[in-house]
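Here is a short note for someone opening this structure for the first time. Please read the points with the display in view.

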Amino acid sequence: MVVPGFFAIAAAAAMLSAYSGASSSQMSSPVQPVRFPHPLHVQMLKMNCLYCHFSAFKSPDPGMPAMGTCMGCHNLVATNKPEVQKLASYWNKKQPVPWIRIHKLPEYVHFPHMRHVNAGVSCQTCHGDIQNMSQVAQANSLNMGWCVSCHIGRSNPPFKARYDCSTCHF
């Protein structure tokens with residue numbers, strides 16, 4: 001009786017250890033090396049998410065904006081602002097901005113952005129009202145139950161997709 005209980009506790013501890021740090025937590029909002037004002041760019045300037053995250057509709061990973069995308073404007077626009085000067089510093093040193101990933105899924109989950117974007121799922125469905133966030137935070141849990149609820153049509157608007165294990169775990 002003691003041995004099976006020990007193995008059950010050991011297995012649970014190993015699984016918890018393997019999972020911790022594998023994904024990000026809801027409301028996680030790390031301070032980024034350069035503050036990017038989504039409300040300014042999306043609401044005021046009417047920029048589409050795909051302008052910066054250009055590969056989201058054609059790749060499993062949405063990608064982070066290339067420095068050339070940012071500096072295409074910021075070589076001339078708002079050059080005196082401290083955050084733009086930080087950005088220009090990375091550009092001048094030929095270094096990428098070391099962004100801190102906010103929306104992270106475990107390694108054993110495959111989330112092809114292009115399938116979701118091309119199916120009409122808006123960025124806000126998963127990422128929340130990012131266009132209103134002065135500092136990006138993970139708005140949703142992104143746990144398996146949350147994803148499955150969308151796949152079985154319990155989302156707003158209702159989407160339906162395959163929800164067998166191999167859809168996300170392969």
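1. Start with a surface feature. Leu40, Met44 and Leu45 make a nonpolar surface patch of about 310 Å². Leu40 lies in helix 2. Leu40 has a relative accessible area of 36%, so it counts as partly exposed. Keep in mind throughout that this is a predicted model.

2. Now the overall layout. The protein chain has eight helices and zero strands. Along the sequence the pattern reads α-α-α-α-α-α-α-α. The protein chain has 170 residues, and 26% of them count as buried.

3. Contacts along the chain come next. Take the contacts between residues at least 6 apart in sequence: 62% of them join residues at least 24 apart. Several of the points below give individual pairs.

4. Which residues of helix 4 are buried? Helix 4 spans residues 67-74, and its buried residues are Met67, Cys70, Met71 and His74. They cover an arc of only 90° around the axis, so they sit on the same side of helix 4.

5. Look at Lys86 in helix 5. Its relative accessible area is 37%, so Lys86 counts as partly exposed. Leaving aside neighbours within four places in sequence, Lys86 is in contact with Pro33 and Val34. Lys86 and Arg35 are 51 residues apart in sequence, yet 9.3 Å apart in space, C-alpha to C-alpha.

6. Lys86 also has a charged partner. The side chains of Lys86 and Glu83 meet in a salt bridge, 3.0 Å from N to O. Both residues lie in helix 5, three residues apart, about one turn of the helix. Glu83 is partly exposed, at 24% relative accessibility.

7. How many salt bridges are there? The count comes to three. Besides the pair in helix 5, Lys104 forms a salt bridge with Glu107, with the closest N and O atoms 3.8 Å apart. Arg162 forms a salt bridge with Asp164, and there the closest N and O atoms are 2.9 Å apart. Glu107 is exposed, with a relative accessible area of 66%. Arg162 is exposed too, at 51%. Asp164 counts as partly exposed, at 36% relative accessibility.

8. Stay with Lys104 for a moment. Lys104 is found in the loop between helix 5 and helix 6 (113-118). Its relative accessible area is 27%, so Lys104 is partly exposed. Lys104 and Ser24 are 80 residues apart in sequence. In space their C-alpha atoms are 5.2 Å apart.

9. Is Ile130 buried or exposed? Ile130 is buried, with a relative accessible area of 12%. Ile130 lies in the loop between helix 7 (123-127) and helix 8 (144-151). Not counting residues up to four places away in sequence, Ile130 touches His38 and Val136. The C-alpha atoms of Ile130 and Pro39 are separated by 7.9 Å. Along the chain these two residues are 91 residues apart.

10. Ser141 is found in the loop between helix 7 and helix 8. Ser141 is partly exposed, with a relative accessible area of 23%. Leaving aside neighbours within four places in sequence, Ser141 is in contact with Gln26 and Trp146. Ser141 and His127 are 14 residues apart in sequence and 9.9 Å apart in space, C-alpha to C-alpha.

11. Finish with the segment after helix 8, where Ser155 is found. Ser155 counts as buried, at 19% relative accessibility, because the cut-off for buried is under 20%. The side chain of Ser155 reaches the backbone nitrogen of Phe159 at 3.1 Å. Not counting residues up to four places away in sequence, Ser155 touches Ser149 and Cys150.

Methods:
Residues numbered from 1 in each chain as written. Predicted model: local features only at pLDDT ≥ 70, side-chain atom pairs only at ≥ 80, totals over all residues. Heavy atoms only, no water. Buried < 20%, exposed > 50% of the residue type's maximum accessible area, 1.4 Å probe, protein only. Helix = DSSP H or I, 4+ residues; strand = E, 2+ residues; numbered from the N terminus. Arc of directions from axis to C-beta. Patch = residues over 30% accessible without salt bridge, like charges linked within 9 Å, V, L, I, M, F, W, Y side chains within 5 Å. Areas by Shrake-Rupley, 256 points an atom, 1.4 Å probe, with all protein chains shown as cover. Salt bridge = Lys/Arg side-chain N within 4 Å of Asp/Glu carboxyl O. Contact = heavy atoms within 4.5 Å. Polar contact = N/O pair within 3.5 Å; in protein donor to acceptor, adjacent residues only side chain to side chain.
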